[in-house]
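Subject: Structure handover and what was found in it

Dear colleague,

I am handing over the structure below, together with an account of what was found in it. Please read the text with the sequence and the structure open side by side.

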Amino acid sequence: MPMIGNKVGVLVTVFLGILLLIAELTNGLSLCNMGDDGLTACKPSVTKPNPVEPSASCCEALSGADLQCLCSYRNSLLLPSLGIDPELALALPPKCNLTSPANC
């Protein structure tokens, strides 16, 4: 019986973590110094199947972002869970005439 209690505890913890993540996302997402507006502006450029060229507002938001921080999400499940293709996201800085971080 203790084994079942442990599994329930783990499931409750995971469920609460998911609820906290959802609450954070609904209160406004900020990712590597890019707020909701910047992420929204760039989303059409980092979403498959038909990404578009980044808009001026996307590039402006990206210019204030922590690009090295964004690189740390390259293999994360967070970007895909937001509908963002990591490879398309990493291709944005040069399209906005920004220098991509080394070792990204």
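A residue is called buried when its relative accessible area is under 20%, exposed when it is over 50%, and partly exposed in between. By that scale Arg74 is partly exposed, because its relative accessible area is 27%. Please keep in mind throughout that this is a predicted model.

Overall architecture

The protein chain holds 7 helices and 0 strands, so that, read from the N terminus, its elements run α-α-α-α-α-α-α. Of the 104 residues in the protein chain, 28% are buried. The accessible surface of the protein chain is about 6,900 Å², and carbon and sulfur atoms account for 63% of that surface. When contacts between residues at least 6 apart in sequence are considered, 64% of them join residues that are at least 24 apart.

Disulfides

A disulfide is a covalent bond between the sulfur atoms of two cysteines. The count for this model comes to 4 disulfides, and with the bonded cysteines counted along the chain, their pattern is 1-5, 2-3, 4-7, 6-8. Three of these links are described here.

Cys32 and Cys69 are joined with their sulfur atoms 2.0 Å apart, and the disulfide is left-handed because the torsion about its S-S bond is about -65 degrees. Cys32 sits in the loop between α1 (2-26) and α2 (36-42), while Cys69 belongs to helix α4 (residues 67-71), so the pair ties together parts that lie 37 residues apart in sequence.

Cys42 and Cys58 form another disulfide, with their sulfur atoms 2.0 Å apart, and here the torsion about the S-S bond is about 105 degrees, so the link is right-handed. This pair connects distant parts of the chain, with Cys42 in helix α2 and Cys58 in helix α3 (residues 56-63), 16 residues apart. Both Cys42 and Cys58 are buried.

Cys71 is joined to Cys104 by a disulfide with an S to S distance of 1.8 Å, and with -105 degrees about the S-S bond this link is left-handed. Cys71 lies in helix α4 and Cys104 in the segment after α7 (92-95), so that the pair links distant parts of the chain, 33 residues apart. Cys71 is buried, at 11% relative accessibility, while Cys104 is partly exposed, with a relative accessible area of 33%.

Salt bridges

Side chains of opposite charge can pair when their charged atoms come close. A search of the whole structure finds 2 salt bridges.

In one of them, Lys48 pairs with Asp85, and their closest N and O atoms are 3.5 Å apart. Lys48 is in the loop between α2 and α3, and Asp85 is in the loop between α5 (78-81) and α6 (86-90), so the bridge links distant parts of the chain that are 37 residues apart.

Arg74 forms a salt bridge with Glu87, the closest N and O atoms being 3.4 Å apart. Since Arg74 lies in the loop between α4 and α5 and Glu87 in helix α6, this pair ties together parts that are 13 residues apart in sequence.

A buried serine

Ser45 is found in the loop between α2 and α3, and with a relative accessibility of 4% it counts as buried. A polar atom of the Ser45 side chain lies 3.0 Å from the backbone oxygen of Val52. Apart from neighbours within four places in sequence, Ser45 is in contact with Pro51, Val52, Glu53 and Pro54, and also with Leu88 and Leu92.

Note on methods: Residues numbered from 1 in each chain as written. Predicted model: local features only at pLDDT ≥ 70, side-chain atom pairs only at ≥ 80, totals over all residues. Heavy atoms only, no water. Disulfide = S-S within 2.5 Å. Helix = DSSP H or I, 4+ residues; strand = E, 2+ residues; numbered from the N terminus. Buried < 20%, exposed > 50% of the residue type's maximum accessible area, 1.4 Å probe, protein only. Salt bridge = Lys/Arg side-chain N within 4 Å of Asp/Glu carboxyl O. Contact = heavy atoms within 4.5 Å. Areas by Shrake-Rupley, 256 points an atom, 1.4 Å probe, with all protein chains shown as cover. Polar contact = N/O pair within 3.5 Å; in protein donor to acceptor, adjacent residues only side chain to side chain.
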